[in-house]
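Here is a quick briefing to read with the model open beside you. Take it one topic at a time, and find each part on screen as you go.

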Amino acid sequence: MNLAPILRRWRRFGVRLRQARVFAKAMTSPRHPILVHLIPTRRCNLSCAYCSEYDDYSQPVPVHELFRRIERLSSLGTTIITLSGGEPLLHPQLDDIIRNIRSHGIIATLITNGYLLTPERIQRLNKAGLDHLEVSIDNVAPDEVSKKSLKVLNRKLEWLAQYAEFEVNINTVLGAGVAEPEDALVIARRAVELGFTTTVGLIHDHSGQLVPPDSRHREIYQNLMKLDNRFFSYEQSNRFQRNLVQGQPNAWRCRAGSRYLYVCEDGLVHWCSQQRGHPGIPLQRYAREDLEREYETVKGCAPYCTVSCVHQTAVLDDLRQRPRETLMQLLSPRHERDHPFRLPLSLRFISWALLSSNRRKLFGGVAVRILGLRRQ
Ligand code: SF4
Ligand code: SF4
């Protein structure tokens with residue numbers, strides 16, 4: 001009997017509880033990193049033509065050094081650590097790193113090209129306590145640009161569906177330069193069939209800036225959104241992507257260097273993978289003053305930025321600062337789709353709790369106690 005779906009449901013409950021902690025903490029404090037990308041190795045087993053984030057020779061970062069970095073991130077109040085690379089599965093002690101992240105009460109997630117997944121490797125990730133894994137797939141059949149292909153990875157996805165107790169998301173790509181944009185739909189349909197969530201990344205240049213999609217890509221984007229029939233998903237409400245797909249800029253404040261950190265293999269803090277060198281300060285010296293300065297720093301690259309995870313942290317800050325407008329924005333696609341529209345009880349409660357600063361303080365305080373959070 002395959003117990004993975006039952007265990008996945010049980011584990012998912014635990015992940016939801018920890019995600020509620022992330023949300024509650026983000027609502028009560030603007031002073032800690034919500035999400036950090038940590039690089040355990042720069043090395044990759046593939047060589048995608050568009051990628052500037054890998055090499056084929058770097059040694060893995062020593063595990064004691066990564067533990068020191070995780071300890072430091074924990075003391076700054078970090079709530080989610082995503083291991084990426086390069087290819088993080090190439091790190092020989094990856095399971096110990098995941099365990100160490102979890103021992104600090106931090107959500108552990110992983111971004112991989114999927115090539116090294118086997119049933120045994122997936123079960124080891126279960127045991128280590130991984131919360132979430134994302135596989136990025138670029139095309140249906142391998143070409144000279146990318147070998148991250150459904151044809152090559154389909155078996156790996158089936159193993160994930162069978163054995164993984166953690167959440168799985170499949171990320172596809174869309175935008176100018178993608179030879180077969182229809183591939184994104186084929187990949188997303190397969191992901192949904194296997195019970196995974198899907199996201200789509202927009203092609204960017206080497207500084208994270210949008211490469212504008214054409215009308216064919218825009219139509220495929222609309223079809224991708226229709227595949228997602230959950231009551232509410234961030235993807236459907238993602239105003240950043242909706243604007244970018246139309247070639248429009250976004251008006252927002254990027255809080256990279258504060259709410260989101262990118263910690264490279266040398267242990268330096270950068271705004272993001274696309275803006276390395278800013279501020280380029282060693283993590284061990286990164287302090288509250290740095291978090292506060294970068295929270296306020298205006299980034300010139302923000303209007304056409306495609307870095308989706310930094311957009312997501314900005315939405316949490318918008319919810320804290322302008323709850324009514326942000327909730328209306330998040331729910332507007334649902335309003336447009338469903339007439340009449342009625343919020344489910346859980347969302348009505350969240351709206352009610354957020355929409356007055358007194359209630360927000362009260363419920364934030366209650367959440368801090370119930371969920372065992374420290375205020376930052
Ligand atoms: S698999 Fe990922 S890290 Fe490796 S070369 Fe391709 S895009 Fe870069
Ligand atoms: S706006 Fe922020 S996340 Fe986007 S490229 Fe610039 S620094 Fe990076």
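Predicted model: local features only at pLDDT ≥ 70, side-chain atom pairs only at ≥ 80, totals over all residues.

Residues are numbered from 1 along each chain as its sequence is written, and chains are lettered from A and ligands numbered from 1 in the order in which they are written.

**Helix α2 with helix α3**

- The axes of α2 (residues 63-75) and α3 come within 10 Å and cross at roughly 20°. Axes here are lines fitted to C-alpha atoms, for helices over the stretch in contact, and angles run from 0 to 180 degrees between N-to-C directions.
- α2 and α3 are therefore roughly parallel to each other. The naming goes like this: under 35 degrees is roughly parallel, over 145 roughly antiparallel, 65 to 115 roughly perpendicular, and the rest oblique.
- On the α2 side, Val 63, Leu 66, Phe 67 and Ile 70 meet Asp 96, Ile 97, Asn 100 and Ile 101 of α3. Two residues are in contact if their C-beta atoms, placed from the backbone, lie within 7 Å.
- Sorted by class, this contact of α2 with α3 has six nonpolar, one polar and one charged residues. Ala, Val, Leu, Ile, Met, Phe, Trp, Tyr, Cys and Pro count as nonpolar, Asp, Glu, Lys and Arg as charged, and the others, Gly among them, as polar.

- Helix α4 (residues 119-128) and helix α5 (residues 150-163) have axes that come within 10 Å and cross at roughly 40°. That makes α4 oblique to α5.
- The α4 and α5 crossing is right-handed. Here Pro 119, Ile 122 and Gln 123 of α4 meet Trp 159, Leu 160 and Tyr 163 of α5, and the residues of this contact split into five nonpolar, one polar and no charged.
- For helix α6 (residues 183-193) and helix α7 (residues 215-227), the axes come within 10 Å and cross at roughly 5°. That makes α6 roughly parallel to α7.
- From α6, the contact uses Ala 184, Leu 185, Ala 188, Arg 189 and Val 192, and from α7 it uses Ile 220, Asn 223, Leu 224 and Leu 227. Those contact residues of α6 with α7 come to seven nonpolar, one polar and one charged.

**The ligands**

- Around ligand 1 you'll find Cys 44, Leu 46, Ser 47, Cys 48, Cys 51, Glu 53, Tyr 54, Gly 85, Gly 86, Glu 87, Asn 113 and Lys 148. A residue is near a molecule if its C-beta atom, placed from the backbone, lies within 6 Å of it.
- The ligand 1 shell has five nonpolar, four polar and three charged residues.
- Ligand 2 is surrounded by 13 residues, and the closest are Gly 208, Cys 254, Cys 272, Cys 301 and Cys 305. Its shell has nine nonpolar, three polar and one charged residues.

- Look for Cys 44 in the loop between β1 (35-38) and α2.
- Cys 44 is buried, with 20 other C-beta atoms within 10 Å. The cut-offs are 20 or more other C-beta atoms within 10 Å for buried, 12 or fewer for exposed, and anything in between for partly exposed, with C-beta atoms placed from the backbone.
- Leaving out residues up to four places away in sequence, Cys 44 touches Tyr 54, Asp 56, Gly 85, Gly 86 and Glu 87.

**Cis peptide bonds**

- Most peptide bonds are trans.
- A cis one joins Gly 85 and Gly 86, with omega about 10°. Gly 86 sits in the loop between β2 (80-83) and α3 (94-103).
- Another cis peptide bond joins His 278 and Pro 279, with omega about -10°. Pro 279 is in strand β9 (residues 279-282).

**The whole protein**

- The protein has 13 helices and nine strands. Helices (H or I, at least four residues) and strands (E, at least two) are DSSP runs, numbered from the N terminus.
- Of the 376 residues in the protein, 37% are buried.

Definitions and conventions:
Left-handed = near helix turned anticlockwise from the far one by under 90°.
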